Amino acid sequence: MASLFKLTIHTPESTVLSEDVISVTAPGAEGYLGVLAHHAPLITSLTPGKLSIRKADGQMDEYAVSGGFLEVADNHATLLADSCEHTASIDVARAHEAERRARQRLHSRESAVNVARAEAALKRAVNRQRLGDGKGK
Amino acid sequence: MATLRDIKRRIKSVQSTKQITKAMEMVAAAKLRKATQRALEARPYANGMIEVLGALSSSAAAQAHPLFQRREVKKKALIVVSSDRGLCGAYNSNLMRATEMYLKAQTVPVTLYVVGRKSAEYNTRRKREIAGRFTELPANADFGTAQGIARQAMDDFLEGRVDEVDLIYTHFISTANRKVLTETFLPISGEAVKGAAPQKSRDFILEPSPEQIFEALLPRYANTRIYVAIAEAYASEHSARMIAMGSATKNAGEMINTLTLTRNRLRQAAITKELAEIVGGADALA
């Protein structure tokens with residue numbers, strides 16, 4: 001039996017998950033990183049991407065994360081996500097719509113700040129589509 | 001002296017008022033359940049945020065971040081989170097009283113960001129300077145809405161239009177209990193964060209760099225605070241309304257009882273009088 005550690009995923013709207021897991025693979029700012037039990041204390045920011053969780057029963061679960069933070073301390077991982085959706089429950093049509101809007105905003109060329117925001121929105125939308133379509137596997 | 005017909009009319013009108021307050025009470029109760037859940041579910045995220053921030057705030061990068069910078073205060077901004085609708089007891093008047101107290105205590109000019117129609121109307125009437133207006137928020141105001149407000153406040157702060165941003169909202173304690181809170185929103189105070197977070201004195205591996213984490217963390221932290229404030233205010237509004245409408249319904253019930261009593265007495269008096277007249281008339285004929 002692999003050793004377990006506690007994983008909690010919070011988003012502003014709800015607590016998505018809080019249970020013991022075997023491993024977590026998260027899209028860190030400097031590339032995907034894996035966390036197992038007894039990981040050293042760590043704080044990292046996350047980019048939009050795929051979050052894979054191996055649950056206590058060995059099952060894999062996948063979520064689309066749109067950015068946030070991962071904190072690991074005392075064998076307890078806390079993931080603060082802007083949004084976190086199970087890949088099965090992603091609304092692909094809505095993601096396509098979001099992508100279209102983001103592209104439109106990018107083309108309209110407003111101030112520099114807005115470009116950065118639109119790019120971030122675009123990344124999130126593309127990520128959700130990719131995972132929602134099942135291509136992320 | 002009210003006639004029988006007047007009283008009957010009165011009873012009818014109180015009855016329909018009672019029906020309305022009763023309905024509003026039930027609607028508020030239903031909405032309250034959802035609102036409370038949202039307010040409570042936002043807390044773990046906010047606490048987690050504070051924890052991460054607390055773990056990092058002692059680093060040099062933290063102290064250098066613009067959102068941490070304390071400047072000489074020449075101009076302040078105040079975010080007032082009120083409701084769009086009235087009929088919720090003293091909810092908004094308590095909030096406005098706190099706003100007045102705050103404004104009276106200031107020595108520098110204050111500009112306002114108003115959230116909710118009530119505070120927008122109130123402050124417009126008093127010809128106050130309003131920099132941002134966020135009214136008619138959807139009932140399920142999501143993180144994006146809060147982001148819009150936080151972003152404007154942060155932009156104004158970072159670009160030097162204001163030197164401090166404060167926040168007034170109603171904190172939800174329980175259905176029967178809520179409290180108007182005044183807090184400093186920007187600059188983010190390192191001490192407050194450290195005080196709130198359980199101190200974990202360990203060396204975290206920071207990825208990518210502390211600066212970059214801060215760059216990502218602080219705006220989110222600010223958004224979260226606004227989001228939590230809105231969620232709390234929304235829950236408070238509905239609990240206030242539920243209680244106000246509950247007591248209005250009760251009062252209407254009592255009023256109906258007294259009016260019914262008066263009506264019955266008047267009717268009895270009229271019958272007695274009529275009888276006396278008939279008897280008197282019969283006597284006169286005999």
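Read along the sequence, chain B follows the pattern α-α-β-α-β-α-β-α-β-β-α-β-α. This amounts to 7 helices and 6 strands. Helices (H or I, at least four residues) and strands (E, at least two) are DSSP runs, numbered from the N terminus. The radius of gyration of chain B is 28 Å, well over the 19 Å that the globule rule gives for 286 residues, so chain B is more spread out than a compact globule. The radius is taken over C-alpha atoms, and the rule is 2.2 Å times the number of residues to the power 0.38.

The model is predicted: local features need pLDDT of at least 70, side-chain atom pairs count only at pLDDT 80 or more, and totals for chains, interfaces and linings use all residues. Residues are numbered from 1 along each chain as its sequence is written, chains are lettered from A and ligands numbered from 1 in the order in which they are written, and side-chain values use heavy atoms, with hydrogens and water left out.

The C-alpha trace of chain B spans about 115 × 40 × 25 Å along its principal axes. Of its 286 residues, 44% count as buried. Buried means under 20% relative accessible area, exposed over 50%, and partly exposed in between (1.4 Å probe, protein chains only). Chain B exposes about 14,900 Å², and carbon and sulfur atoms supply 55% of this surface. Such areas come from the Shrake-Rupley method with a 1.4 Å probe; for residues, only the protein chains shown count as cover. Among contacts (heavy atoms within 4.5 Å) in chain B between residues at least 6 apart in sequence, 77% join residues at least 24 apart. Chain B carries 42 positive and 29 negative side chains, and the centres of the two sets lie 9 Å apart. Lys and Arg count as positive and Asp and Glu as negative, while His and the chain ends are not counted. Each charge is placed at NZ of Lys, CZ of Arg, CG of Asp or CD of Glu.

B:Ser119 lies in helix H4 (residues 117-125) of chain B. B:Ser119 is buried, with a relative accessible area of 0%. Leaving aside neighbours within four places in sequence, B:Ser119 touches B:Val80, B:Ser82, B:Met96 and B:Val114. B:Ser83 sits in the loop between strand S1 (76-81) and helix H3 (91-105) of chain B. B:Ser83 is also buried, at 1% relative accessible area. With neighbours within four places in sequence left aside, the contacts of B:Ser83 include B:Cys88, B:Tyr91, B:Arg117 and B:Glu237. B:Ser83 and B:Tyr221 are 138 residues apart in sequence and 23 Å apart in space, C-alpha to C-alpha.

Chain A has 2 helices and 7 strands. Its elements run β-β-β-β-β-β-β-α-α from the N terminus on. For 137 residues, a compact globule would have a radius of gyration near 14 Å; chain A has 16 Å, which agrees. Its C-alpha trace spans about 55 × 30 × 25 Å along the principal axes. Buried residues make up 47% of chain A.

Strand pairing (at least two DSSP bridges between two strands) was traced in chain A. S1(A) (residues 5-10) and S2(A) (residues 15-28) run antiparallel, joined by 6 bridges. These strands form a hairpin with 4 residues between them. A:Lys6 stands opposite A:Asp20 in S2(A). S2(A) also pairs with S3(A) (residues 31-35), antiparallel, over 5 bridges. A hairpin joins S2(A) to S3(A) through 2 residues. A:Thr25 has A:Gly34 in S3(A) as its bridge partner.
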